[in-house]
There are 4 protein chains.
Amino acid sequence: MARSRQLPASRPLRRDAEQNRQRILRAAAEVFTARGLQASLDDVARQAGVGVGTVYRRFPDKESLAEALFEERMEALVRLAELALAEPDSWVGLVSFLENAAGLLAADRGLREILMFASYGRDRVGRARDRLQPVVTQVVERAQRDGKLRSDFNPCDVPFIQFMLSGAAEYAEHVRPEVWRRYLALIIDGMRPGREEVSPLPVPALTPEEMVALMRSVRPVSR
Amino acid sequence: MARSRQLPASRPLRRDAEQNRQRILRAAAEVFTARGLQASLDDVARQAGVGVGTVYRRFPDKESLAEALFEERMEALVRLAELALAEPDSWVGLVSFLENAAGLLAADRGLREILMFASYGRDRVGRARDRLQPVVTQVVERAQRDGKLRSDFNPCDVPFIQFMLSGAAEYAEHVRPEVWRRYLALIIDGMRPGREEVSPLPVPALTPEEMVALMRSVRPVSR
Amino acid sequence: MARSRQLPASRPLRRDAEQNRQRILRAAAEVFTARGLQASLDDVARQAGVGVGTVYRRFPDKESLAEALFEERMEALVRLAELALAEPDSWVGLVSFLENAAGLLAADRGLREILMFASYGRDRVGRARDRLQPVVTQVVERAQRDGKLRSDFNPCDVPFIQFMLSGAAEYAEHVRPEVWRRYLALIIDGMRPGREEVSPLPVPALTPEEMVALMRSVRPVSR
Amino acid sequence: MARSRQLPASRPLRRDAEQNRQRILRAAAEVFTARGLQASLDDVARQAGVGVGTVYRRFPDKESLAEALFEERMEALVRLAELALAEPDSWVGLVSFLENAAGLLAADRGLREILMFASYGRDRVGRARDRLQPVVTQVVERAQRDGKLRSDFNPCDVPFIQFMLSGAAEYAEHVRPEVWRRYLALIIDGMRPGREEVSPLPVPALTPEEMVALMRSVRPVSR
DNA sequence: GATGAATGAGTATTCATTCAT
DNA sequence: GATGAATGAATACTCATTCAT
């Protein structure tokens with residue numbers, strides 16, 4: 001009846017929807033952070049202040065939600081890596097990348113589980129690899145060319161270091177959320193050059209192909 | 001420990017019961033190792049060849065079962081630490097302890113989840129600390145006295161190193177179960193002395209009290 | 001009927017709306033035919049290329065949509081019956097009506113479910129009866145007058161025969177969509193005259209009033 | 001504590017469990033009959049007076065419950081067929097089998113849906129075929145040998161006749177539950193010998209192999 | 001008028017835990 | 001003591017229907 005108030009311009013629904021999408025993503029991050037990926041989507045919906053149906057409208061299933069979160073964070077990591085590359089000192093660049101990346105993952109149980117366990121369908125694995133890996137590789141190889149990083153270190157070691165640190169962070173979450181910095185320091189000391197002859201790293205790093213296989217092999221996210 | 005000599009001898013049921021207890025523990029270890037802590041107690045019972053009721057008679061709930069497993073493994077760790085202490089070379093002792101301990105946790109999803117997530121009520125935390133910590137402390141301090149280990153390393157760093165490594169192991173489980181050795185090598189290189197002045201570890205290790213607090217703080221294991 | 005000449009000409013929206021209505025009806029027919037009445041209205045809307053809201057604007061609920069489809073098909077049946085009446089040979093007319101009607105229903109899961117299960121509120125039952133029944137009655141009675149059809153056959157038997165055949169058709173849908181012809185032949189042989197004395201049909205056919213009651217009694221269509 | 005009252009002999013639980021199983025089966029039959037196979041298992045459980053979990057303990061999923069019902073009824077049909085074979089007059093035997101079988105299916109919506117739609121995994125298809133088909137075949141062929149049944153009738157026509165009749169029965173369920181007898185009579189008249197030359201059945205019956213394919217092809221039971 | 005976003009009750013299924021036998 | 005039957009709350013996901021834009 002009195003329904004004649006067309007909005008000035010643009011498509012209005014889109015805005016609402018996108019807002020909700022963001023709300024859901026934010027809520028998911030919070031809930032997953034607090035209780036891990038096993039938190040229910042009902043909880044996410046409640047936290048977001050929307051109905052479950054809305055969550056499912058935006059994300060066809062729990063895994064997709066996790067993936068969206070994954071992609072978001074992946075972008076943040078890419079930005080960090082790019083920042084590291086912009087840093088004049090290659091070693092400082094590498095170290096601060098490791099530090100900032102670990103800081104991102106620390107105390108975020110959900111994200112960590114997503115990264116470690118979520119199985120990625122579609123093209124996301126690919127995208128992640130294609131975007132992050134080259135930059136990280138540059139960061140690492142630049143430091144090696146500068147003689148700041150042991151020569152048997154490998155770009156594919158980076159995600160492992162991040163997982164190890166975020167593991168430590170999660171474990172100490174409630175007591176000393178920052179201890180992971182201690183272990184990063186330890187690892188960084190081990191990354192310095194000059195060790196290669198005395199104690200070469202005993203096992204080769206994963207190859208890029210293995211990294212992909214690995215991301216494809218992990219178990220699905222839902223219970 | 002005290003459990004196996006409650007009564008002088010007599011009462012055959014006791015023996016049966018203890019046998020069942022062991023069977024359940026063994027089954028739980030297998031099932032949890034294979035499918036993680038989220039495996040159902042029905043599965044454990046089936047694997048053990050007993051009814052669920054029997055599991056519940058022996059262990060008041062799922063968590064208690066996890067705790068019992070925890071205690072068992074803790075004993076194994078204590079034995080490893082004692083072995084390390086018996087080793088004439090203090091550095092070799094320390095390194096092989098780290099290696100063996102990590103080997104114990106690697107590829108055992110269940111155990112890792114138990115160690116990281118099971119909440120410990122009763123006196124088990126205490127017992128773990130009282131039994132394992134002193135030996136580890138000796139292993140660490142002996143290496144430091146010998147000048148083989150950086151002086152700012154702390155016995156309480158040991159469990160963190162183990163968690164980090166087992167995290168790496170789990171992540172690469174299906175593709176390269178042994179990569180964790182690579183990261184142990186990296187960390188060990190970082191543990192060498194002579195770094196203290198150049199790059200002191202930036203955050204103090206957890207105090208023993210914090211370790212206890214931490215073990216009390218982690219989230220319960222069951223759904 | 002009355003719908004298409006509400007307003008003389010003018011108002012283009014009316015035309016749009018009617019077009020949409022037709023599109024939805026067509027889409028519903030396709031979707032329901034393929035996946036049965038349990039297909040979702042979102043699917044119907046997608047197939048029609050309109051929003052769900054539009055479907056709901058045209059049809060207050062899922063059932064109404066089913067009813068509209070019902071009415072449409074009813075018209076088709078009426079046309080078939082009229083054709084049968086135009087056929088000079090009364091027996092041929094009857095038989096080909098049965099055949100064509102069954103062909104219409106065969107392999108159309110949705111239509112069949114609509115005919116058997118949709119509950120009809122409004123005036124549609126009435127209309128269906130008023131339109132189809134008289135023609136069918138003529139087809140049947142003409143054949144009886146000509147001595148081609150057993151005298152205890154009743155016009156109200158016709159819908160039953162159709163349901164039985166479409167049931168057979170649906171059952172064999174994927175293996176032999178045409179078997180229903182076999183059973184139509186069997187039934188037709190049973191409809192021949194000369195049986196009345198030997199084996200009179202043991203139960204009277206439904207009365208027209210019962211047919212209406214029946215159509216009113218069936219369960220609603222939606223979940 | 002005071003738990004020393006061993007029962008005289010036999011396994012007591014079994015009895016309870018079996019009782020419950022029967023209760024569930026009975027409840028399922030009622031609920032499915034009343035509201036069709038789309039009734040929820042919660043409803044079945046409520047009707048049976050047990051928790052949902054109990055239903056799932058006995059029947060791994062909804063389909064299994066449907067199958068169990070299927071098997072039960074199948075047995076009843078086998079008994080009917082055996083009875084028909086015991087009848088001295090082959091025609092009377094055949095007719096009363098058709099009649100009794102249809103009576104079994106009439107007004108039981110759930111059973112009908114099960115028979116028509118449930119997909120059968122395991123060996124049940126096989127068992128059904130192996131048990132019922134040979135007897136039905138004998139019933140049919142005996143009547144043909146006696147010249148009481150048209151020669152182009154086929155044992156595989158029997159299930160179709162049953163489905164058609166139960167379809168008619170379901171349709172008229174609330175108004176005239178017995179009308180199906182009228183249509184059985186019609187069909188039976190069509191089954192009499194002497195028609196083969198005048199009006200041979202136009203399409204071959206399904207072969208036994210096609211019957212199996214058909215049973216394997218039908219859609220699964222749950223929504 | 002049309003759109004599609006939002007809603008939430010409903011469905012199948014799992015599993016820790018209790019308890020009668 | 002041992003067994004496994006029973007329970008029901010919890011979980012992921014669907015879909016008819018409403019309503020803001």
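The model is predicted: local features need pLDDT of at least 70, side-chain atom pairs count only at pLDDT 80 or more, and totals for chains, interfaces and linings use all residues. Residues are numbered from 1 along each chain as its sequence is written, while chains are lettered from A and ligands numbered from 1 in the order in which they are written.

Two copies of a chain are related by a rotation about an axis and a shift along it. Here copies are superposed by least squares on the C-alpha atoms of residues with pLDDT of at least 70 in both. For chain A and chain B, the turn is 178 degrees and the shift along the axis 0.1 Å, with an RMSD of 0.6 Å. In chain A, the residue that comes closest to the rotation axis is A:Gly190, at 1.8 Å (C-alpha).

Next come the surfaces through which these chains meet. Two residues are in contact if their C-beta atoms, placed from the backbone, lie within 7 Å. The contact between chain A and chain B takes 34 residues from chain A and 34 residues from chain B. Helices H8 (157-172), H9 (180-191) and H10 (208-217) of chain A are the elements that give two or more residues to the side touching chain B; helices (H or I, at least four residues) and strands (E, at least two) are DSSP runs, numbered from the N terminus. H9(A) gives the most to this side of chain A, with 9 residues. By class, the side of chain A that touches chain B has 21 nonpolar, 5 polar and 8 charged residues, where Ala, Val, Leu, Ile, Met, Phe, Trp, Tyr, Cys and Pro count as nonpolar, Asp, Glu, Lys and Arg as charged, and the others, Gly among them, as polar. Because 97% of the interface residues of chain A are also interface residues in chain B, the copies meet through the same surface.

Turning to chains D and C, 34 residues of chain D are in contact with 34 residues of chain C. H9(D) gives the most to the side of chain D that touches chain C, with 9 residues. The copies meet through the same surface here, because 97% of the interface residues of chain D are also interface residues in chain C.

In chain A, 8 residues of domain 1 are in contact with 11 residues of domain 2. The side of domain 1 of chain A that touches domain 2 of chain A has 6 nonpolar, 2 polar and no charged residues.

The interior can be followed through helix H9 of chain C. This helix (residues 180-191) has 12 residues and reaches 16 Å from its first C-alpha to its last, close to the 16 Å expected at 1.5 Å a residue; the expected span is 1.5 Å times one less than the number of residues. H9(C) is mostly covered, with 11 of its 12 residues buried. A residue is buried if 20 or more other C-beta atoms lie within 10 Å of its own, exposed if 12 or fewer, and partly exposed in between, with C-beta atoms placed from the backbone. Among the buried residues of H9(C) are C:Trp180, C:Arg182, C:Asp189 and C:Gly190. Their cover includes H5 and H8 of chain C together with H8 and H9 of chain D.

In chain D, D:Leu149 lies in the loop between helix H7 (124-145) and helix H8 (157-172). D:Leu149 counts as buried because it has 22 C-beta neighbours inside 10 Å. Leaving aside neighbours within four places in sequence, D:Leu149 is in contact with residues including D:Leu94, D:Val140 and D:Met191.
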